Amino acid sequence: MTSMVAAQRKLGWIFLAVAINVVVIGTGALYMTAGTRGVMALLDPGNAWVWIAILITFAPAVASFYTAYLLRRRGVD
């Protein structure tokens with residue numbers, strides 16, 4: 001049986017891969033439908049809702065890596 005730390009790290013990598021794919025594929029789909037102007041509107045620094053959504057997309061990966069770090073610091077195997 002794998003350790004809890006290794007399982008959390010693997011889960012974090014899975015979440016990270018899914019989040020990257022969601023963001024990249026979503027941006028590509030926006031480019032195909034709205035063109036460069038749509039992507040520029042998406043990446044506008046004043047568009048706070050988009051940046052919050054991107055942060056929420058990456059949150060499970062960050063939480064999983066942080067949980068693995070805390071477990072390793074505690075010495076849980």
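Begin the tour by selecting Gly75, the residue that follows helix α2 and has a positive phi, near 90°. Helices here are DSSP runs of H or I with at least four residues, numbered from the N terminus. Before going further, note that this is a predicted model, in which local features need pLDDT of at least 70 and side-chain atom pairs count only at pLDDT 80 or more, while totals for chains, interfaces and linings use all residues. Residues are numbered from 1 along each chain as its sequence is written, and side-chain values use heavy atoms, with hydrogens and water left out.

**Along helix α2**

Next, select residues 48-74, the 27 residues that make up helix α2.

**The buried residues of α2**

Select Val50, Ala61, Ser64, Ala68 and Leu71 together, since these residues of α2 are buried, a word that means under 20% relative accessible area, whereas exposed means over 50% and partly exposed lies in between, using a 1.4 Å probe and protein chains only. An α-helix has 3.6 residues a turn, so residues three or four places apart point the same way.

Leaving aside neighbours within four places in sequence, Ser64 is in contact (heavy atoms within 4.5 Å) with Gln8, Leu11, Gly12 and Phe15.

Then select Arg72, also placed in helix α2, which is partly exposed because its relative accessible area is 49%. Apart from neighbours within four places in sequence, Arg72 is in contact with Val5 and Arg9. If you draw a line from the C-alpha atom of Arg72 to that of Ala6, 66 residues away along the chain, its length is 9.4 Å.

**A stop in helix α1**

Finish at Gly35, found in helix α1, which is buried because its relative accessible area is 19%. How far apart in space are Gly35 and Ile54, C-alpha to C-alpha? The two residues are 20 Å apart, with a separation of 19 residues in sequence.

How values were computed. Helices (H or I, at least four residues) and strands (E, at least two) are DSSP runs, numbered from the N terminus. The expected span of a helix is 1.5 Å times one less than its number of residues.
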